[in-house]
Amino acid sequence: MSDAFLQLRGLSKRFGPQVILDTIDLDIPLNSHTTVIGRSGIGKSVLLKCISGLLKPEAGTIRLSNSTKSIPQCAYMFQQNALFDSLNVFENIALPLREKEKISASQLSEQVNRLIDQLDLQNAASKYPAEISGGMKKRVALARALITNPEIILFDEPTTGLDPERKFSVFDMIRNYRQKFGFTVLMVSHDVPEVFGITDQVAWLDAGKIKYWGPPKELIESPPVELEGFLNPKLSTDKPAA
Amino acid sequence: MIGRIGRKGISFVSELGELTIFGASSLGSLFRQRHTFEKLTRSIYEIGVRCIPITLIVGLFTGLVLGLQLYYVLTKFSSESLLGQAVALSIIMEIGPVFTAIMIVGQAGSALSAEIGIQRNAEQIDALQTMNINPLAFLVSPRLYAALICFPILTAFFDIVGIYGGHLTGVSMLGVDQGAYWSRIYEAVSVKNVMDGFYKALTFGLLTTVICAFQGYYTHTKASIPGARGVSQTTTRAVVLSSIAILSSDYLLTSFLLEK
């Protein structure tokens, strides 16, 4: 696909004899939201870690193209947020800029405070991660990801351990801020079918391969036979034993 | 049997290699980051300032006990006037650097290993990598340089308080002549003796900080159990290995330095 922003070609990863990713090809369009779904332990997070550079694939290429910047930037949102306990909210958000960019303290403060305002974190700026709620932690982690103005954000199961109400509020947050800041999203999620409401494309990962890639609408209306059990587990468990 | 010994040997050499690369990378990365001075100052506070009380307490009691023990040995040879010399040389050349290092490992080394281990489990080290921040430069390097600064200084504190502790026992309690105590120290202790103690302190600082940081950094691969128990396992291992490293390198250094 020529308009793909992130291109994966022949991506393979194994841990010992176990093949996790088997020659994966995937195209992520610019400014889109793609969600990778699949069973637990199937390798969804491994896929994100390969893309972010945390894991080195055995084979294949990962290419960011059609970038609007000379150096395409990729940010990563971890399942447990990965905020630094010894830094307060302001310092956590400022960390990537403070460590990597040569900017004055006043410019840094201005950029961080702007994000704090945009993400409604004004009351939490001086608090430590242990002193704020789970939803706020997500927003702080998102603010830290956004501070370097990335073109793509990788979300690793952002709703893990949240109740249904909070789950929807995190999905809303991702949708709203994507519209507001205009970044591309590649997300890993277990929350099927809830996640279909915010995603443009769904990629179903199974046995190391992408077995479905396309809009969620098609998946809901006419799911491939092998996906039925995954999308609606009740159907498969209700079947009488052979 | 032979195969098992061979595998253990290869594993030991491999880990030693990893440890050396880890230490060298940490040493080389301090000035490849921003806000170096601020991080170094914070690390000096954590390793140095917070370890002063324990160093002084242990130094004082070591001097007191040493004064008492050596007095009873020296009286058998009617040489109690040599007490100052015996206390000072034992503390400056041997006990000061070793005990100080063990105390710092117990307080700051274990904390360093546990903190980095928890950061590994909480994906904070991965987060640094995704932010293009070198985790070794950010987490380990300032602590390593702080240890190289603090170990000799704390050893000096230990030496001074220890010698004064020997004075308290020998002179104030057991009646050794004060002039003899201090003049024997002045005559016997050379600059080389003091410097040898500092060389040891530097070596212990380097070895223990690298070992503690390494155990924490690789807690996900080194521990047999993941999570909190894994961190506890690697922290314990960090303290044990550091203590062994202090005592074994002390023997090698003493052999080498006494030969010179």
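Analyst: Please note that this is a predicted model. Leaving aside residues within four places in sequence, M77(A) is in contact with A141(A), L142(A), A145(A), I153(A), L154(A), F155(A), D156(A) and P158(A).

User: Which residues have the most contacts inside the largest nonpolar core?

Analyst: M77(A) is one of them, together with L47(A), I93(A), A143(A), I153(A) and L154(A). This core holds 68 residues. Its largest share, 6 residues, is supplied by helix α4 of chain A, residues 134–146. A second, separate core has 50 residues, including Y71(B), V87(B), I92(B) and M93(B).

User: How should I read the overall form of chain A?

Analyst: One compares the radius of gyration with that of a compact globule. For 242 residues such a globule would have a radius near 18 Å, and chain A agrees because its value is 19 Å. Along the principal axes, the C-alpha atoms of chain A fill a box of roughly 65 × 40 × 35 Å. The chain contains 8 helices and 9 strands, and 38% of its residues are buried. Among contacts in chain A with a separation of 6 or more, 70% join residues 24 or more positions apart.

User: How is the contact between the chains described, and how many residues does each chain give?

Analyst: The size of an interface is often given as the accessible area lost when the parts come together. Here the description is by residues: 12 come from chain A and 12 from chain B. On the side of chain A, the elements that give two or more residues are β5 (74–77) and α2 (89–100). The largest share, 4 residues, belongs to α2(A). By type, this side of chain A has 8 nonpolar, 2 polar and 2 charged residues.

User: What should I look for in a helix?

Analyst: An α-helix has 3.6 residues a turn, so residues three or four places apart point the same way. Just after α4(B), E123(B) takes a positive phi of about 65°.

How values were computed: Residues are numbered from 1 along each chain as its sequence is written. Chains are lettered from A and ligands numbered from 1 in the order in which they are written. This is a predicted model: local features need pLDDT of at least 70, side-chain atom pairs count only at pLDDT 80 or more; totals for chains, interfaces and linings use all residues. Two residues are in contact if their C-beta atoms, placed from the backbone, lie within 7 Å. Ala, Val, Leu, Ile, Met, Phe, Trp, Tyr, Cys and Pro count as nonpolar, Asp, Glu, Lys and Arg as charged, and the others, Gly among them, as polar. A nonpolar core is a set of buried Ala, Val, Leu, Ile, Met, Phe, Trp, Tyr and Cys residues joined through C-beta atoms within 7 Å. A residue is buried if 20 or more other C-beta atoms lie within 10 Å of its own, exposed if 12 or fewer, and partly exposed in between; C-beta atoms are placed from the backbone. The radius of gyration is taken over C-alpha atoms; the globule rule is 2.2 Å times the number of residues to the power 0.38.
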